[in-house]
Amino acid sequence: MSYISGARLVDDKQVRIASTKIYGIGPKKAIQVRYRLGISGNIKIKELTKYQINQIEQIIGQDHVVHWELKRGERADIERLISISCYRGIRHQAGLPLRGQRTHTNARTCRKRIRK
């Protein structure tokens, strides 16, 4: 198993598929990173050298906000909404859906405390 940016990557998968397991890297960014390094499309994680793994980690660290930094930013945004007491902040605080979804019969996962 290889670790890149705090994510454990499966050795038997292709680089573009396995790198999407990194929080903040989707399919499009995974392909961009692979092209920038000149890695072929069919190569698997276990076939990469340590140098190539380090290069992938450096490019992802330089150009993309991933893992803890991304989660910290999202948490800061939610805290800001809560602190200014806007509608979305109040819904976050109460653990209810934010974007106008129905709560009478649905939204069970976010309404765990409110169940009858």
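Residues are numbered from 1 along each chain as its sequence is written, and side-chain values use heavy atoms, with hydrogens and water left out. Since the model is predicted, local features need pLDDT of at least 70 and side-chain atom pairs count only at pLDDT 80 or more, while totals for chains, interfaces and linings use all residues.

**View 1. Helix 2 and helix 3 cross each other.** Here are helix 2 (residues 27-37) and helix 3 (residues 50-63), whose axes come within 10 Å and cross at roughly 125 degrees. Helices here are DSSP runs of H or I with at least four residues, numbered from the N terminus. Axes are lines fitted to C-alpha atoms over the stretch in contact, and angles run from 0 to 180 degrees between N-to-C directions.

View 2. Contact means heavy atoms within 4.5 Å. Sorted by class, that makes five nonpolar, two polar and two charged residues. Nonpolar covers Ala, Val, Leu, Ile, Met, Phe, Trp, Tyr, Cys and Pro; charged is Asp, Glu, Lys and Arg; the others, Gly among them, are polar.

View 3. The chain splits into domain 1 (2-67) and domain 2 (68-113), with bounds from an automatic or database domain assignment. Five residues from each domain take part in the contact.

Key
Helices (H or I, at least four residues) and strands (E, at least two) are DSSP runs, numbered from the N terminus.
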